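The following exercises are meant to be worked with the sequence and the model side by side. Each one sets a task and then gives a solution in steps.

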Amino acid sequence: MPKLIQMSALSALTAVLVSLSLSLLAEGNAQVAIANLPMPPSCAVSSKGMKSNAMTEIVSQKGNVYCYRFRNAKPMTYLDLNSLEQTLKPMGVTVSREGKQTLLKFPGATGTAQLKANTVRGNDRYARLEELPYHFSGTGLPVTLTGWTNPTVQVGETKFKLGTPGSSVPGSLIYQNVMLDIGRDLKITGKGVTLSARAWRDSSSARYFTHTVQVDAPEGTVVGIFSRDERGSALIDEAPVDGKGQVQLFSSREKLRYVTDPGKLTPYLSSGQGQALLVRLTGLIVAPSEKQNDKYTVIQPKTATSSGVR
């Protein structure tokens, strides 16, 4: 009898632990590892030959094809596909492989997500993190992103978090691609586009003015900005709203006037001010209908102008 009671208690405890584990997975606590790896080499054909210099290093040569890498290139952030597969299988996602691709069929999906391994190191396979919205566009399900650092991805009813306790994942890498889609939808980026590279936290931000803008949005909401430089090229930046209802955004212009019509964004100053347009992101990064207008709302800040600082 004591042994039977012990076994019953053990079975009950096991059931509780399994139930708790599945519950945690369902709540989006499942974590997918991220890797920061050197940028892969680029290759070019040169009849005159190529040599290493202060900027580039020749890593291989075959005939007149030279492969090289930039010496000061910053690491790229990748999604660990092996970790993704191991995380999603217990959540009811059907996982298979086809060559370099990981194929994922989510519960309720009408199609399959296809993630191509951009980099392979032994048995480890990686896909570029910034391309995540495009990876899941074939599911037929809404895909959302919430959070700024180590954000949570939700595909239909399936949730998982990017990054592990020891790694910091910049959600801006993904949000900036959503902003590119919105820029095309608003016909802002046709004359060229520059990303603020906020995700890499490099010194390039010193080229910009930081504008502190008060908006009517809850803390954590991601707000994006479009502005133009003197050449007409659009600059894209995005950041989360803080607890005071403020968001700090980059622009190449020191003084800005905020507009809601993308046609009013010009390369020219008016009364010493450039123009900027703000969008509030909804968190949707893939829409089942493939329409972009579900991903954002054009907003006006509480003050129509702002002055930036360096």
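**Exercise 1. Decide whether C43 is buried, partly exposed or exposed, and then describe the link in which C43 takes part.**

Step 1. The relative accessible area of C43 is 48%, and since buried means under 20%, exposed over 50% and partly exposed in between (1.4 Å probe, protein chains only), C43 is partly exposed. The structure is a predicted model, in which local features need pLDDT of at least 70 and side-chain atom pairs count only at pLDDT 80 or more, whereas totals for chains, interfaces and linings use all residues. Residues are numbered from 1 along each chain as its sequence is written, and side-chain values use heavy atoms, with hydrogens and water left out.

Step 2. A disulfide is taken as a pair of cysteine sulfur atoms within 2.5 Å, and by this rule the count comes to one. The bond joins C43 to C67, with an S to S distance of 2.0 Å, and the link is right-handed, with 95° about the S-S bond.

Step 3. Because C43 belongs to strand β3 (residues 42-45) and C67 to strand β5 (residues 65-70), the pair ties together parts that are 24 residues apart in sequence. Helices (H or I, at least four residues) and strands (E, at least two) are DSSP runs, numbered from the N terminus.

**Exercise 2. Work out the strand order of the open sheet of three strands, and find the helix that lies across β7, β8 and β9.**

Step 1. Two strands pair if DSSP finds at least two bridges between them, and the order of this open sheet is β7-β8-β9, with antiparallel pairing. The edge strands, each pairing on one side only, are β7 (94-98) and β9 (113-116).

Step 2. Strand β8 (residues 101-105) is joined to β9 by four bridges, and the two run antiparallel; L103 stands opposite Q114 in β9.

Step 3. The helix is α2 (residues 81-88), which runs at about 20° to β8. Here axes are lines fitted to C-alpha atoms, for helices over the stretch in contact (heavy atoms within 4.5 Å), and angles run from 0 to 180 degrees between N-to-C directions.

**Exercise 3. Identify the edge strands of the open sheet of four strands, and follow the pairing of β10.**

Step 1. This open sheet has the order β2-β6-β11-β10, with antiparallel pairing, and its edge strands are β2 (34-37) and β10 (119-121), each of which pairs on one side only. On average, neighbouring strands of this sheet are turned by 35° against each other, direction ignored.

Step 2. Three bridges join β10 to strand β11 (residues 124-128), the two running antiparallel, and V120 stands opposite R125 in β11.

**Exercise 4. Explain why helix α4 is described as largely enclosed, and check its span.**

Step 1. Of the 14 residues of α4, 12 are buried, so the helix is largely enclosed by the rest of the structure; among them are L173, Y175, N177 and D181.

Step 2. Helix α4 (residues 172-185) reaches 19 Å from its first C-alpha to its last, close to the 20 Å expected at 1.5 Å a residue, where the expected span is 1.5 Å times one less than the number of residues.

Step 3. Just after α4, K187 takes a positive phi of about 60°.
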